[in-house]
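Student: Hi! I have a new structure to look at. Could you walk me through it?
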Amino acid sequence: MKRKKKERRGIQSVEIGTRVIEALRAAATPLHLKDLAKAAGMPTSKCHRYVVSFVRTGFLVQDVTSGRYDLGPQLLQAGLAALARTDAVAVGTAALERLVEVTGNTGLLSVWADFGATIVRWMPGAAAVRTSLSTGSTLPLLTSATGRVFLAFLPPRQTRQFLTQEALADNIEPAPLIAAVRAAGIARVSGDHIPGLSAVAAPVLDAHGEAMAVLTLVGAREGIQPRAVEQLRHEAAVASSCLGWAKSARNIG
């Protein structure tokens, strides 16, 4: 008979204190003590003791005029350090592996490089997809799902050169396309770039809402199944949260 794995002992007061931090992180604005205590689910007097210590250590700050509490500079520095150590390709690859495993579709991960949207991971699914695309291939901005996501979720200065060239060649007005992708949070194409294939793509966003990478599913011309699209949205959201993106701050669909 196997013994039940013994749970490691922690410091309960530290775990309780993090509820105060989490309550402020989730709040849209700084909070008064009584509101912070309520959000953290603890008595006001108990919350005050934690708040005093957090202010002393720089994890929280208190506005001298309003008396409200907010996240402090130490948390900002810790967050920036964590983000600096986060590899977008590694995060995106993990999401891609889960996505392909669950959906059975072929998937790819792309990043923005010197020559535009560039595939860095290509993962075959259960059903074979015949295409000349592979790791290292670049994708157009206007006629590929991946490119459209980069176009919608990158600053114009990064895409302007490629966009100008493609817009003239393809006679496509980019503004409505960008607005539609941002509203939906994903981009879809069917035979636009490769005849006989369809694709749907979603952004992996950083803390500023810019696309660090793009997750894309590829399938037959008939389209990607709705459940696969929802899984794509989910994995992109999970990966984005790992890079510091908070959806509540700016809705992407």
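Tutor: Happy to! Let's start with a term: buried means under 20% relative accessible area, exposed over 50%, and partly exposed in between, using a 1.4 Å probe and protein chains only. This is a predicted model, where local features need pLDDT of at least 70, side-chain atom pairs count only at pLDDT 80 or more, and totals for chains, interfaces and linings use all residues. Residues are numbered from 1 along each chain as its sequence is written, and side-chain values use heavy atoms, with hydrogens and water left out.

Student: Is S137 buried or exposed, and why?
Tutor: S137 counts as buried because its relative accessibility is 17%.

Student: Where does S137 lie?
Tutor: In the loop between β4 (116–123) and β5 (138–139). Strands here are DSSP runs of E with at least two residues, helices are runs of H or I with at least four, and both are numbered from the N terminus.

Student: Which residues is S137 in contact with, leaving aside neighbours within four places in sequence?
Tutor: A117, T118, I119 and S132. Contact means heavy atoms within 4.5 Å.

Student: Switching topic, how many helices and strands does the protein chain have?
Tutor: The secondary structure comes to 9 helices and 8 strands.

Student: And what share of the protein chain's residues count as buried?
Tutor: Of its 253 residues, 41% do.

Student: What about contacts between residues at least 6 apart in sequence?
Tutor: In the protein chain, 55% of those join residues at least 24 apart.
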